[in-house]
Amino acid sequence: MTDLEITDEYVHVGSAYPTSSYDGGYFRHYDCPYFVNRCPHCGGRLGFEQADPANGVIPGFTSIEGMYYCLWCDMDFSCISGAEHGNTGYFLTPYIPRK
Ligand SMILES: [Zn+2]
């Protein structure tokens with residue numbers, strides 16, 4: 001995980017090791033998309049977690065994936081596609097960064 005940004009408006013990570021089943025392959029992805037910092041389920045704020053040994057274990061992160069999760073309802077979302085990991089059909093909202 002590099003270049004993690006979490007602002008009031010959006011979440012973004014420069015690269016991450018996401019899960020294969022939801023995120024298009026278990027390898028490092030670069031230029032991950034921006035998403036609006038709002039849970040599509042409950043409207044809560046998002047956090048990011050990852051603890052892949054290849055990236056170094058980050059204290060406080062419990063997942064070997066790179067993913068966003070809701071601080072309120074704890075739903076997990078892909079950092080590549082924005083898909084919710086439990087097949088609920090929720091997706092994070094794409095965010096278009098202002099230049
Ligand atoms: Zn939520």
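This is a predicted model: local features need pLDDT of at least 70, side-chain atom pairs count only at pLDDT 80 or more; totals for chains, interfaces and linings use all residues.
Residues are numbered from 1 along each chain as its sequence is written. Local features require pLDDT of at least 70 and side-chain atom pairs pLDDT 80 or more, whereas totals for chains, interfaces and linings use all residues, and side-chain values rest on heavy atoms, with hydrogens and water left out.

The protein has a mean pLDDT (the predictor's confidence in each residue, from 0 to 100) of 80, and 72% of its residues reach 70 or more. Confidence is lowest in helix α1 (residues 20-23), with a mean of 58, and highest in strand β5 (residues 35-36), at 97. Helices (H or I, at least four residues) and strands (E, at least two) are DSSP runs numbered from the N terminus.

The zinc ion is coordinated through the SG atoms of C39, C42, C70 and C73, at 2.3 Å. Donors are N, O and S atoms within 2.8 Å of the metal (3.2 Å for Na, K and Ca); water is not among the atoms, so sites may look incomplete. The spacing of the donor residues in sequence is C-x2-C-x27-C-x2-C. Distant parts of the chain are linked by the pair C39, in the loop between β5 and β6, and C70, in strand β7, which lie 31 residues apart.

The arrangement is tetrahedral because the four donor atoms subtend angles of 100 to 117 degrees around the zinc ion; the criterion for four donors is that all angles lie between 85 and 135 degrees. For comparison, the ideal angle for four tetrahedral donors is 109.5 degrees.

C39 is buried at 3% and C70 is buried at 1%, while C73 is partly exposed at 29%. The whole structure contains zero disulfides, a disulfide being a pair of cysteine sulfur atoms within 2.5 Å.

Strand β7, which carries C70, belongs to an open, antiparallel sheet of three strands in the order β6-β7-β8. Two strands pair if DSSP finds at least two bridges between them. β6 (46-49) and β8 (76-78) are the edge strands; each has a single partner, so one side of each lacks a neighbour in the sheet. Neighbouring strands are turned by 35 degrees against each other on average, direction ignored, with axes fitted to C-alpha atoms (for helices over the stretch in contact) and angles running from 0 to 180 degrees between N-to-C directions. Strand β7 (residues 67-70) pairs with β8 over three antiparallel bridges, and M67 has S78 in β8 as its bridge partner.

Terms used: Buried means under 20% relative accessible area, exposed over 50%, partly exposed in between (1.4 Å probe, protein chains only). Four donors count as tetrahedral if all angles lie between 85 and 135 degrees; four count as square planar and six as octahedral if opposite donors are over 155 degrees apart and all others between 65 and 115; anything else is irregular.
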